[in-house]
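Trainee: I have a model open and want to learn how to read its features. Can we go through it together?

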Amino acid sequence: MIPLSKSAADLEHIDEAEVILFSAAIIREPDLRAPFFGSLRISPNGGLQEVDDLYRPSRLFGALIFVIVLVANIYAVVSRGMLAIRGLGGMPRCAFMKHEEVLACMFPARVTPELFVAFFELTGLAMAAVKILRTGVVIARQPGLDSDKIYRRWSAVAMLLKEFLPKLQSFSAMRMLQHIIPSILIPEIRGLISKLQRHTRLRPAQKLLRLFWFFSYRIVLFVFGFEAFLVQFRNIASRLDGAKDPKALFLILTFLNQIIGIVPINMFVSDRLFNFVFSGVDGYMNRAERQRLRVWKAALMRRTWDLYCAKPWCFFAVVFTFSDLDFQRMILDDDEYNPRYPPLPVIKES
């Protein structure tokens, strides 16, 4: 007997409230149609009044894990890059990889794929350090009573803690592969097409040129990201083969973290949720909607700090572990009752 999945098993036990709710949902007359989601709505003030309920002691453990993974990944990238620069991490090129044969013909023997990837990663870390430093300068300035400076300060805090540092947790050259993953590539194509449709001043040839550049750029990113994967995979394989290496386990864990982080799941899901709430019915976030999102993030940082300024570790615990579930809990409101429509039956949890 084939066991039923949970979804299939639910069809065997349909509650009467489900039938009533389904019947009400398919009524064609709009005046008779009750709200399918009942009183559920988006909070008009952005849910910022719910910040008081975000902190839990368990978030301290999550923040500690965040910091450990961040430091470990930066150390792994820097140490791997320095080994490649000193010529200690080189591996023979794969004969069956045609693009590596092309690289061997274009560059001298000392310019190995390991050195090229290491240069890219160290340059990326250096650029990230410059951004963090500039952001830190904005945060460190005393804004006084100037509203513009206050907003810039907390907007910089949001960028530092929710964009720059989370990206560094799994930063590597392999992240270039995220641009060819269908769940990211398809929305990017739709966004580009929607943007080109709005630009009525562009000629058809210019639009085609932008499409050509878009796909050509992704092909280059794929080749480079795939080469970075080969470099790191061969490096890990060489450490596991032969003599025991005390750093082997650390290298494996950081390599696994970087593979998982090719698409940062938490940031990806949060961006999708932000796009759902802030971009409106067209699903395209224009400049005004991006500004509204930036204001919401800055206000979240400020209100969280005002609440936990006496205990900074609580502030960092909330910010580092803030997820899409917290955003959903804050932004949705189901407390009010709309007297215009009769209440639909409530499906209770079994």
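Trainee: Which residues of α5 are buried?

Mentor: First, the ground rules. This is a predicted model: local features need pLDDT of at least 70, side-chain atom pairs count only at pLDDT 80 or more, and totals for chains, interfaces and linings use all residues. Residues are numbered from 1 along each chain as its sequence is written, and side-chain values use heavy atoms, with hydrogens and water left out. Buried means under 20% relative accessible area, exposed over 50%, partly exposed in between (1.4 Å probe, protein chains only). Helices are DSSP runs (H or I, at least four residues), numbered from the N terminus. In α5 the buried residues are P113, E114, L115, V117, A118, E121, L125, A128, T135 and I139.

Trainee: How should I read spacing along a helix?

Mentor: An α-helix has 3.6 residues a turn, so residues three or four places apart point the same way.

Trainee: What span does helix α5 reach?

Mentor: The expected span is 1.5 Å times one less than the number of residues. Helix α5 covers residues 113-140, 28 residues. From first C-alpha to last it reaches 40 Å, close to the 40 Å expected.

Trainee: What does E114 form a salt bridge with?

Mentor: A salt bridge is a side-chain nitrogen of Lys or Arg within 4 Å of a carboxyl oxygen of Asp or Glu. By this rule the count comes to nine. E114 pairs with R234, closest N and O atoms 3.9 Å apart. The pair links distant parts of the chain: E114 is in helix α5, R234 in helix α8 (residues 204-240), 120 residues apart.

Trainee: Why does E114 count as buried?

Mentor: Because its relative accessibility is 6%. R234 counts as buried too, at 10%. R234 also forms a salt bridge with E227, at 3.7 Å between the closest N and O atoms. E227 is buried at 6% relative accessibility.

Trainee: Which residue meets E163 in a salt bridge?

Mentor: K297, at 3.9 Å, N to O. E163 lies in helix α6 (residues 147-168) and K297 in helix α11, so the pair ties together parts 134 residues apart in sequence. E163 counts as partly exposed, at 25% relative accessibility.

Trainee: Which residues are linked in a network of salt bridges?

Mentor: R59, D326 and R329.

Terms used:
Helix = DSSP H or I, 4+ residues; strand = E, 2+ residues; numbered from the N terminus.
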